[in-house]
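Visitor: Please show me the protein, and let us then discuss it by question and answer.

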Amino acid sequence: MKAKLAAAFWASTALMALPAQAQSVVNTQIDARVGLVAMTYIECAGVDFGLWRVPTRNTGGATFINLTVTANDATGVTIARIFGNSTSVSQDARHPPVAGTCYVFNAETVSSRLRTSIFQNNAMSMGGLPLYGLSSPSIQALVVADLALGGNGVAIDATGNGTFRVVGELTIPQNIVAANYGGYQTQGEGKVSVTDGL
């Protein structure tokens, strides 16, 4: 009996004497990210007055190219009308006019019509720019654009999205010389806005 007790005592003493197991700590890195955007945002494709044949001239007054749309959404077809000096002025079918389209995303107010507005949109001067396969004019004509909304408000669907159109009128001056031919673009940008959270 004494031998058994001595053996048990020795075994427990030996276990207590074992050294503690070493710990191993390893490190790595973790990051976090987030993006914040406005609840509602807008993207717009600009107004394209297209390509027009205009003769050299110094009489007859200015030519006005007026753009309207059949509907104030992405389905609306652009209509171009000529006013003022229309002598020998015609649309070139290679680049027809297209009203601007603005896309509204993530509106808070859904299944409703929101107010739209436009500003910095009148008497917008245009400078030379290569486009339509044309170079910049060597002498710039005093071409001016006035932009306007295609309708009243924007219809927002159940997902918070909608579209509206931007139209306008282009003024081509009376005096046109061959050096005026080329591409033009507005030198400033008009601004559009949508009022959400009604």
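Visitor: Is Ser88 buried or exposed?

Guide: This is a predicted model, in which local features need pLDDT of at least 70, side-chain atom pairs count only at pLDDT 80 or more, and totals for chains, interfaces and linings use all residues. Residues are numbered from 1 along each chain as its sequence is written, and side-chain values use heavy atoms, with hydrogens and water left out. Buried means under 20% relative accessible area, exposed over 50%, and partly exposed in between, with a 1.4 Å probe and protein chains only. Because its relative accessible area is 56%, Ser88 is exposed.

Visitor: Which loop holds Ser111?

Guide: Ser111 also has a positive phi, of about 50°, although it is not a glycine. With 55% relative accessibility, Ser111 counts as exposed. Its place is the loop between S6 and S7.

Visitor: How far apart are the C-alpha atoms of Ser117 and Val194?

Guide: Ser117 lies in strand S7 and is partly exposed, at 29% relative accessible area. Leaving out residues up to four places away in sequence, Ser117 touches Leu149, Lys191, Val192 and Ser193, where contact means heavy atoms within 4.5 Å. Along the chain Ser117 and Val194 are 77 residues apart, but their C-alpha atoms are separated by 6.6 Å.

Visitor: Which residues does Ala80 touch, not counting those up to four places away in sequence?

Guide: Ala80 belongs to strand S4 (residues 78-84). A relative accessible area of 28% makes Ala80 partly exposed. Its contacts, with the residues up to four places away not counted, are Trp52, Asn66, Leu67, Gln91 and Pro97.

Visitor: Which residues lie closest to the centre of the largest pocket?

Guide: On a 1 Å grid over the protein atoms alone, a pocket is an open set of points where a 1.4 Å probe fits, with protein on both sides within 12 Å along at least five of seven lines; lining residues have an atom within 4 Å of a point. The largest pocket has a volume of about 1000 Å³, the space filled by probe spheres set on points joined across faces, edges and corners. Of its 42 lining residues, the closest to the centre are Phe49, Met126, Tyr132, Tyr184 and Gln185.

Visitor: How many helices and strands does the protein have?

Guide: Read along the sequence, the pattern is α-β-β-β-β-β-β-β-β-β-β-β-β-β. The secondary structure therefore comes to 1 helix and 13 strands, as DSSP runs.

Terms used:
Helices (H or I, at least four residues) and strands (E, at least two) are DSSP runs, numbered from the N terminus.
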